[in-house]
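Hello,

Here is the structure I promised to pass on. My notes on its salt bridges and strands follow below.

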Amino acid sequence: NLAADVAVRYEHQGEGWGRNIATGAETGQLNRDLAVRSKFLYEPTSDTHIRLSLDYENRLGSQDVQHLDPQYPGTFNNAFFGGPYPLGSRYDVNDTINPYDYLRAGGASLQINQGLSWANFLSITAYRDSNFFFVLDADLTPAPVLAIPGTAKQGQFTQEFQLSSAVGAPLKWVAGL
């Protein structure tokens, strides 16, 4: 009466795509990305189905890199800010700080299906939580002009109830909240 599955993915990129010319650090790199997903199905009777779904991700890297294009006018890469600075390859940056991003997110969902003699009842309860943090050198130069740290946090809870017509009923209907 119980079934389960699990999926796990782990990724680590040994080297970044580019370098930060100012600090020497690698950029465009995925240091860690762990994702886990699992689902459990419990059927105590032929009319009752209980499904629990879980997921989680934890990612750390420097993939959110903004590269300065020499053809883009109006940047901080000029004599007024100490430039022009070397740009390196198309994957390199020349920033005061090293780009950095971190994500931790996950959720759970519980779905209960109950068959009744005259209808079907469905309840879906879910919760999600995420936390994303990044540091970005917005002026895209080694001059300490504009660095932006950012955080995005979210928590969400939902509850849904449905009552629907039984299988094979002459009239099909659904009511929900």
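The count comes to six salt bridges, each being a side-chain nitrogen of Lys or Arg within 4 Å of a carboxyl oxygen of Asp or Glu. This is a predicted model: local features need pLDDT of at least 70, side-chain atom pairs count only at pLDDT 80 or more, and totals for chains, interfaces and linings use all residues. Residues are numbered from 1 along each chain as its sequence is written, and side-chain values use heavy atoms, with hydrogens and water left out.

Asp-33 lies in strand S4 and Arg-9 in strand S1, so the pair ties together parts 24 residues apart in sequence. Strands (E, at least two residues) are DSSP runs, numbered from the N terminus. Asp-33 is buried, at 6% relative accessibility. Arg-9 is partly exposed, at 36%. Buried means under 20% relative accessible area, exposed over 50%, and partly exposed in between (1.4 Å probe, protein chains only).

Arg-9 also forms a salt bridge with Glu-57, at 4.0 Å. Arg-9, Glu-11, Asp-33 and Glu-57 are linked in a network of salt bridges.

Now the strands. Ten bridges join S1 to S4 (residues 30-45), and the two run antiparallel; strands pair if DSSP finds at least two bridges between them. Val-8 stands opposite Val-36 in S4. S6 and S7 form a hairpin with three residues between them. S7 is also joined to S8 (residues 147-165) by 19 bridges, again antiparallel.

Best wishes

Methods. Helices (H or I, at least four residues) and strands (E, at least two) are DSSP runs, numbered from the N terminus.
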